[in-house]
Amino acid sequence: MSATALSRYVARNPEILSGEPIIKGTRTSVRAIVGLWRLGIMPEEILHHLPHLTLAQVFDALSFYLDNQTEINEYIERNRVPDDLVHPAVKASFS
């Protein structure tokens with residue numbers, strides 16, 4: 001089955017991440033990019049974490065998110081690690 005374009009760089013492919021919006025030609029979800037952005041990482045710095053992407057792809061993913069916040073926030077919440085499963089050392093590093 002082929003991908004459905006949602007924007008210039010964002011697509012949905014039912015065979016990748018169960019159809020969650022991703023960057024075309026990758027398995028990188030919009031959710032992953034938004035997660036980094038929400039941590040305060042600037043779009044230009046996101047490229048250090050996801051070097052296979054271009055700045056245009058990152059900005060398009062953020063633009064897609066801003067137009068589709070409810071959907072992407074649902075993916076973020078569904079994939080969130082419950083607090084009781086986070087190792088204490090990891091929790092301490094964010095305190």
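Which pattern does the chain follow, read along the sequence? The pattern is β-β-β-α-α-α-α-α. The chain has 5 helices and 3 strands. Helices (H or I, at least four residues) and strands (E, at least two) are DSSP runs, numbered from the N terminus. This is a predicted model, in which local features need pLDDT of at least 70 and side-chain atom pairs count only at pLDDT 80 or more, while totals for chains, interfaces and linings use all residues. Residues are numbered from 1 along each chain as its sequence is written, and side-chain values use heavy atoms, with hydrogens and water left out.

**The chain as a whole**

- Of the 95 residues in the chain, 33% are buried. Buried means under 20% relative accessible area, exposed means over 50%, and partly exposed is in between (1.4 Å probe, protein chains only).
- The chain has an accessible surface of about 6,100 Å². Carbon and sulfur atoms account for 56% of that surface. Such areas come from the Shrake-Rupley method with a 1.4 Å probe; for residues, only the protein chains shown count as cover.
- Take the contacts between residues at least 6 apart in sequence: 39% of them join residues at least 24 apart. Contact means heavy atoms within 4.5 Å.

**How the helices pack**

- Two packed helices are described by the angle between their axes and the distance between the axes. Axes are lines fitted to C-alpha atoms, for helices over the stretch in contact, and angles run from 0 to 180 degrees between N-to-C directions.
- Angles under 35 degrees count as roughly parallel, over 145 as roughly antiparallel, 65 to 115 as roughly perpendicular and the rest as oblique.
- Residues in a contact are also sorted by class. Ala, Val, Leu, Ile, Met, Phe, Trp, Tyr, Cys and Pro count as nonpolar, Asp, Glu, Lys and Arg as charged, and the others, Gly among them, as polar.

**α1 with α3**

- Helix α3 spans residues 55-67, and α1 packs with α3 at an angle of about 90 degrees. Their axes are 9 Å apart. The two helices are therefore roughly perpendicular.
- From α1, the residues that meet α3 are Val30, Ile33, Val34, Trp37 and Arg38. Their partners in α3 are Val58, Ala61, Leu62, Phe64, Tyr65 and Leu66.
- By class, this contact of α1 with α3 has 10 nonpolar residues, no polar ones and 1 charged.

**α1 with α4**

- Helix α4 covers residues 69-78. The axes of α1 and α4 come within 10 Å and cross at roughly 85 degrees. So α1 and α4 are roughly perpendicular to each other.
- On the α1 side, Val30, Arg31, Val34 and Arg38 make the contact. On the α4 side, Ile72, Asn73, Tyr75 and Ile76 do.
- The contact of α1 with α4 splits into 5 nonpolar, 1 polar and 2 charged residues.

**α3 with α4**

- The axes of α3 and α4 come within 5 Å. They cross at roughly 105 degrees, so α3 is roughly perpendicular to α4.
- Phe64, Tyr65, Leu66 and Asp67 of α3 meet Gln69, Glu71, Ile72 and Asn73 of α4.
- Here the classes are 4 nonpolar, 2 polar and 2 charged.

**Thr28, a loop residue**

- Thr28 sits in the loop between β3 (22-23) and α1 (30-38). Is Thr28 buried or exposed? Thr28 is buried, at a relative accessible area of 9%.
- Its side chain makes a polar contact with the side chain of His52, at 2.6 Å. A polar contact is a pair of N or O atoms within 3.5 Å; within protein, one must be able to donate a hydrogen and the other to accept it, and residues adjacent in sequence count only if both atoms are side-chain atoms.
- Beyond its neighbours within four places in sequence, Thr28 is in contact with Ile22, Ile23, Ile33, Leu50, His52 and Leu53.

- Leu6 lies in the loop between β1 (4-5) and β2 (10-12). Leu6 is partly exposed, at 33% relative accessibility. Leaving out residues up to four places away in sequence, Leu6 touches Ala11, Arg12, Pro21 and Phe64.
- Leu17 is in the loop between β2 and β3. Leu17 is not a glycine, yet has a positive phi of about 50 degrees.
- Ser18 is in the loop between β2 and β3. Phi of Ser18 is positive, near 55 degrees. Ser18 is exposed, with a relative accessible area of 73%.
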